[in-house]
Structures are given as structure tokens and as C-alpha cells.
Amino acid sequence: LVLFERYTPAWLVDVTGVLLLLSAFAALLALHNASNRYLYALGRENLIPRVFGTTHPKTRSPWVAGLAQAAFAIVVLVFCVLFDVDPYLGLLLWGSALGFLGIIALWALCSLSVVIFLRRNAPEAGIWRTTIAPLISFVALTVVAVLVIANFDLFSGGAPFVNEILFGLAGLAVVAGLARALYLRARRPSVYAGLGATNSADADDQVV
């Protein structure tokens with residue numbers, strides 16, 4: 001809002017502040033919903049306690065996952081209050097920057113997986129769709145990810161030690177995820193085979 005305060009009338013600054021808050025709320029609401037769906041899918045696929053994969057008998061919403069995610073959000077907010085972390089310049093920007101980088105990395109990996117999947121299962125689709133186009137996407141997204149990492153302080157607005165902590169958390173999540181996947185493939189192949197099988201609620205949802 002600093003630029004608006006410098007170059008625009010006061011009423012426009014107020015309108016911009018309201019729009020900024022509404023957009024932040026909409027983004028966080030979408031994040032809350034996505035987190036619920038992830039917990040729900042993990043519960044359905046027996047990666048976490050099955051209760052997280054249940055739905056409400058009336059609304060069919062993943063309410064257990066929603067309550068768990070809301071409780072976690074409250075814990076994070078209390079932590080920020082105790083340590084005097086700014087809700088926008090700290091919590092929102094740090095989380096958004098890390099999430100932004102994570103999404104780009106996932107898009108890049110998804111583009112690469114498209115090459116492997118289509119080359120194995122649909123080679124008749126042609127080299128452009130099975131190889132060239134997804135590889136172009138992979139290279140472009142990788143370049144963007146590298147640029148984000150190189151300029152991460154512009155996205156997070158945090159001090160160097162904050163960015164190091166965020167990178168450390170991201171690396172830890174990747175290592176833990178890979179280790180869990182390898183464990184499941186070796187020790188619980190039936191669960192491993194079902195990874196990513198949950199797309200939406202269906203008739204066999206368990207309700208509680």
C-alpha cells in the first residue's frame with residue numbers, strides 16, 4: 001500500500017486495503033479447502049488414520065479433516081501471537097512464498113512425469129504430445145523455480161535466516177515424503193499401489 005499512499009487519493013488507498021484483505025481471505029479459504037481434501041485423500045488411502053477419510057452424513061464434506069486443519073491453523077496463529085510475528089508480512093508472506101515455490105516444483109515434476117507416462121502407455125500419441133511439449137514445460141518451469149529460489153527474499157520478505165528455515169522445512173518435507181514412499185513400496189505394496197487414487201467423494205464414502 002505504500003505506493004498507493006504516495007501516488008493516489010486517500011479513498012483509493014482504503015479501497016485497495018479492503019480488496020487486499022478480501023483477496024488474502026479468498027486465497028486462505030481456498031488453501032483451507034485444498035488442505036482438507038489432501039487430508040481426506042490421505043485418510044482414504046490409509047496413509048493416515050482412516051477417520052480423516054470420512055465425510056459428514058448430511059453435507060458429505062470431509063469434516064474431520066476440516067476440523068484437524070482448523071486446529072492446526074489455530075496452533076500456528078497462537079505461535080505467531082506468542083512470538084510477535086506479523087500476520088501479513090510474516091505468516092502470510094512466508095507461507096505463500098514457500099507454497100508458490102512448491103507449486104512450481106510440482107508442476108515441473110508433473111510435466112516430466114507426463115513424458116514418462118505417455119511414452120510408456122500412449123506412444124501412438126506422437127512425439128510432440130508425448131515428449132517435446134511436456135519437456136518444454138518442464139524446462140520452462142524449472143527455470144522459473146530457479147529464479148524464484150535465487151530471488152526468494154523478494155517473495156517472502158523475510159530475513160536470510162527465515163528463508164533458510166523455510167528452505168530447510170521444504171527439503172525436510174521432500175526427504176520425508178520420498179522415504180515414506182520407498183517404505184510403502186517395499187513393505188506395503190497394496191497401499192503404495194493406491195497412491196493418488198482418490199479424486200472425489202463417491203458412493204462408498206464412509207460417513208460418521
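This is a predicted model: local features need pLDDT of at least 70, side-chain atom pairs count only at pLDDT 80 or more; totals for chains, interfaces and linings use all residues.
**Close-up 1. Ten residues make up the largest nonpolar core: A97, L101, I104, A108, L141, A145, V148, F152, V162 and L166.** Helices α4, α5 and α7 each supply at least two residues of this core. The largest share, four residues, comes from α4. As general background, nonpolar side chains tend to be buried together in soluble globular proteins.

**Close-up 2. A97 and its contacts.** Leaving aside residues up to four places away in sequence, A97 touches F152, F155 and S156. Both A97 and F152 belong to the largest nonpolar core.

**Close-up 3. Helix α5 runs over residues 127–150.** Its 24 residues should span 34 Å at 1.5 Å a residue, and the end C-alpha atoms of α5 are 33 Å apart, which agrees. Here T130, T131, P134, L141, A145 and V148 are buried. The buried residues of α5 pack against α4 and α6, and L141, A145 and V148 are among the residues of the largest nonpolar core.

**Close-up 4. Helix α7 covers residues 160–187.** The buried residues of α7 are V162, N163, L166 and L184. Their packing partners are α4 (87–121), α6 (152–156) and α8 (189–193). V162 and L166 also take part in the largest nonpolar core.

How values were computed. Residues are numbered from 1 along each chain as its sequence is written. Side-chain values use heavy atoms; hydrogens and water are left out. The expected span of a helix is 1.5 Å times one less than its number of residues. Buried means under 20% relative accessible area, exposed over 50%, partly exposed in between (1.4 Å probe, protein chains only). Contact means heavy atoms within 4.5 Å. A nonpolar core is a set of buried Ala, Val, Leu, Ile, Met, Phe, Trp, Tyr and Cys residues joined through side-chain atoms within 4.5 Å.
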